[in-house]
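Trainee: I'm new to this one. Could we walk through it together, step by step?

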Amino acid sequence: MFYGIDVGSTYTKIAGFNEEREIIDLHVFPTQVNPDEDVKKFLKDKNVEVIVSTGYGRYMIKDSFNCPVISEIKAHAKGAYHFFPDVKTVIDLGGQDSKVIKVDEDGNFSDFKMNDKCAAGTGKFLEIVASRLGVSLNEFASLGENADKKIKITSMCAVFAESEVISLLAKKESVENIVYGVVDSIADRLVSMVKSLRPEERIVFSGGGALNSLLVKLLGEKLGYKVYVPQYPQFLGAIGAAVSAIELVGDFV
Amino acid sequence: MSEKYVDIYKKLDMDIEKHSELMSALFQLFSDVFLTQKNRPENIKYFDWLMSEIHGKRIEELMEFKDKNKPLVGTFCIFIPEEIVVASGGACYGLCGGAQFSIPDAERDLPRNICPLIKSAYGFKVQRTCPYTQISNFIYGETTCEAKKKTWEILNDLHPTHVMHIPHMKGKREKDLWREEIYEFKNHIEEIVGKELTFEELKKGVEIINKKREALQRLDYLRSTKPDIVPISGLDSLLVTQISFYDDPERFSDKVFELCDELEERIDKGISVCESDTPRIMVIGTPMAPPNWKLHQVVETTGGIVINEEACIGHRYFKDNIDLDGVESVEDIIERMLERYMKIDCACFTPNDERIDKIIKMYREKKADGIIYYTLSFCHTYNVESKKVIDRLKEEKIPVLKIESDYSAEDVGQIKTRVEAFLESIRFKKSFKAKR
Ligand code: SF4
Ligand code: SF4
């Protein structure tokens with residue numbers, strides 16, 4: 001089995017492939033203090049051939065398993081390519097960062113953009129607002145789809161946006177409309193990042209953000225392209241790392 | 001070390017408790033970043049030592065200058081005609097502006113959204129934790145950016161500050177203005193020593209600083225001349241360049257030449273600090289005042305090597321010497337000085353295309369594999385200029401990555417990811433080329 005481990009800031013994701021290049025194992029748990037211990041426990045009785053790790057905590061995995069690491073950029077490019085061999089642009093919205101990646105014909109990335117340290121346009125931003133509104137992230141998309149007014153959140157800064165949300169609530173704006181406004185502002189933020197890299201078809205959207213159907217729809221409208229969401233979008237980095245693990249062996253045979 | 005020098009710190013009216021807090025943080029950082037490197041040249045020890053004595057031995061030496069009434073000038077910019085200070089028997093040194101430690105104290109007076117360099121430096125004055133600031137007769141400021149020029153007004157209430165008007169274009173009018181400013185600076189120094197500087201003194205001052213620049217030029221050459229052998233890490237080279245702003249210039253030059261001799265030997269013997277296929281990275285942009293070692297550390301612990309800095313703490317500082325050929329009078333020297341300083345391609349100038357041409361030329365000469373454009377947050381000059389530079393680099397098909405950051409540690413993970421991806425793509429391109 002070939003395993004890819006993506007230690008993100010909030011969740012650790014594991015993807016396992018068999019020799020036939022089929023995904024037969026997917027697992028996720030919250031990232032705790034020692035994610036490597038949790039990974040060890042999970043892999044204990046498995047038949048592990050090669051591991052490749054990626055994500056924010058990749059070096060910790062490297063130290064415990066003595067395995068190669070790859071950047072999240074590379075992992076996402078490989079993951080997207082696995083599902084869509086004609087992918088040209090990947091958008092990833094994770095917990096603490098967002099990135100846009102250009103992919104070439106061979107599934108390697110040719111250019112990328114990533115947000116600077118700032119919560120605007122990341123999953124964190126959604127989280128902050130959701131907790132303010134007292135709704136779960138799962139409810140977010142369906143709430144926003146029921147909006148009857150397209151309001152704009154003008155603050156790009158997560159801290160200010162939070163206070164803007166509070167003042168909207170005070171003005172008796174409906175939760176549905178506020179959610180719409182927040183998702184719309186994230187879409188705007190992502191779109192300007194994507195446009196600076198000259199997006200091309202096919203565009204693949206991954207990460208936890210891709211589970212939000214309203215965000216997917218708005219992104220597509222603003223970009224003027226259909227946006228594709230792969231199976232298991234939150235696992236794309238782990239899947240990409242697992243693909244890398246297979247390639248590593250491929251080099252030897 | 002602090003114990004020994006407490007008397008000096010008292011004389012300089014420093015906050016001794018806060019200072020020792022700063023020093024223990026600094027030494028911890030220094031040993032984590034520098035002493036963990038493998039295969040360092042033997043002669044780097046002197047620079048490690050100077051760093052460890054940065055607020056000790058070196059300050060003791062400067063105290064002697066002070067007792068002899070020689071001017072001590074702290075600066076943040078390479079536009080300072082340091083030759084004049086050295087000519088007067090005084091010392092000129094760069095002030096640190098690379099630490100997060102002093103920023104909260106600065107933010108009580110200064111806005112949060114100006115660059116960390118200015119906030120850090122100003123904070124040291126507020127905290128009274130920097131002996132170099134405390135000991136100086138005056139701080140040298142210039143008008144190169146908005147953040148600086150307005151901060152000088154505020155700083156001047158805490159410490160005498162001499163501001164030099166640096167123009168933002170390079171025509172004749174500006175040259176005339178600049179000349180006047182150099183003379184005024186000279187007068188200021190002469191007032192302190194109570195006499196006019198002679199031709200001989202000035203010439204000597206220029207010679208000393210010329211030699212320092214030659215030493216740094218040689219180091220710059222040696223670290224990047226061989227495509228497959230890098231005899232010294234980027235971090236260590238950065239350290240040497242940073243120390244060039246503090247140390248006694250004559251002693252420093254000798255030590256750099258000794259280091260360079262060793263590097264030459266290493267090259268002959270094929271001793272490199274990295275594998276031959278390691279991606280060679282040029283870092284360009286905002287200066288990196290100590291202890292800002294973040295980017296170099298990330299690059300070099302992620303599998304790359306920094307072979308050059310196109311920055312003020314770097315190439316911009318030592319690239320040109322003052323030509324003394326045929327000079328006969330004080331005026332001649334000042335004129336030559338002016339010519340030399342006019343060549344500084346700081347982003348405060350408009351237009352500034354010579355900088356871009358220089359970067360491209362350097363990239364080719366040094367056989368670099370990629371460029372990281374580094375800018376501090378809110379450093380508008382370098383930040384805005386990055387657009388023109390990066391566009392040109394892309395036209396030339398030179399791989400480039402832009403990183404904007406400050407001194408906090410929060411974004412190290414993100415920067416690591418970006419640098420790692422950048423190096424991955426370079427390695428991929430390299431292997432592709434090799435296969436062809
Ligand atoms: S960047 Fe410009 S202003 Fe800043 S130190 Fe260098 S020359 Fe001076
Ligand atoms: S030039 Fe940039 S880094 Fe230097 S003081 Fe001004 S804003 Fe700060």
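Trainee: In which strand of chain A is Tyr228(A) found?

Mentor: Happy to start there! This is a predicted model, in which local features need pLDDT of at least 70, side-chain atom pairs count only at pLDDT 80 or more, and totals for chains, interfaces and linings use all residues. Residues are numbered from 1 along each chain as its sequence is written, chains are lettered from A and ligands numbered from 1 in the order in which they are written, and side-chain values use heavy atoms, leaving out hydrogens and water. Helices (H or I, at least four residues) and strands (E, at least two) are DSSP runs, numbered from the N terminus. Tyr228(A) is found in residues 227-228 of chain A, which is strand β9.

Trainee: Is Tyr228(A) buried, partly exposed or exposed?

Mentor: Buried means under 20% relative accessible area and exposed over 50%, with partly exposed in between (1.4 Å probe, protein chains only). Contacts, meaning heavy atoms within 4.5 Å, link Tyr228(A) to residues including Phe84(A) and Glu201(A), leaving aside neighbours within four places in sequence. At 22% relative accessibility, Tyr228(A) is therefore partly exposed.

Trainee: How are α4(A) and α7(A) oriented to each other?

Mentor: Two packed helices are described by the angle between their axes and the distance between the axes. Here α4 (residues 123-133) and α7 (residues 175-195) of chain A have axes 11 Å apart, at an angle of about 170°. The axes are lines fitted to C-alpha atoms, for helices over the stretch in contact, and angles run from 0 to 180 degrees between N-to-C directions. Angles under 35 degrees count as roughly parallel, over 145 as roughly antiparallel, 65 to 115 as roughly perpendicular and the rest as oblique, so α4(A) and α7(A) are roughly antiparallel.

Trainee: Which residues in α4(A) meet α7(A)?

Mentor: On the α7(A) side, the partners include Val175(A), Ile178(A) and Ser185(A). The residues in α4(A) are Phe125(A), Leu126(A), Val129(A) and Leu133(A).

Trainee: Over in chain B, how many residues of helix α12 are buried?

Mentor: Helix α12 of chain B covers residues 234-243. Among its buried residues are Gly234(B), Asp236(B) and Ile243(B). The helix is largely enclosed by the rest of the structure, because the buried residues number 10 of the 10.

Trainee: Where is Asn352(B) found?

Mentor: At 6% relative accessibility, Asn352(B) counts as buried. Not counting residues up to four places away in sequence, Asn352(B) touches Asp345(B), Cys346(B), Ala347(B) and Glu385(B). Asn352(B) is found in chain B, in the loop between α16 (330-342) and α17 (353-365).
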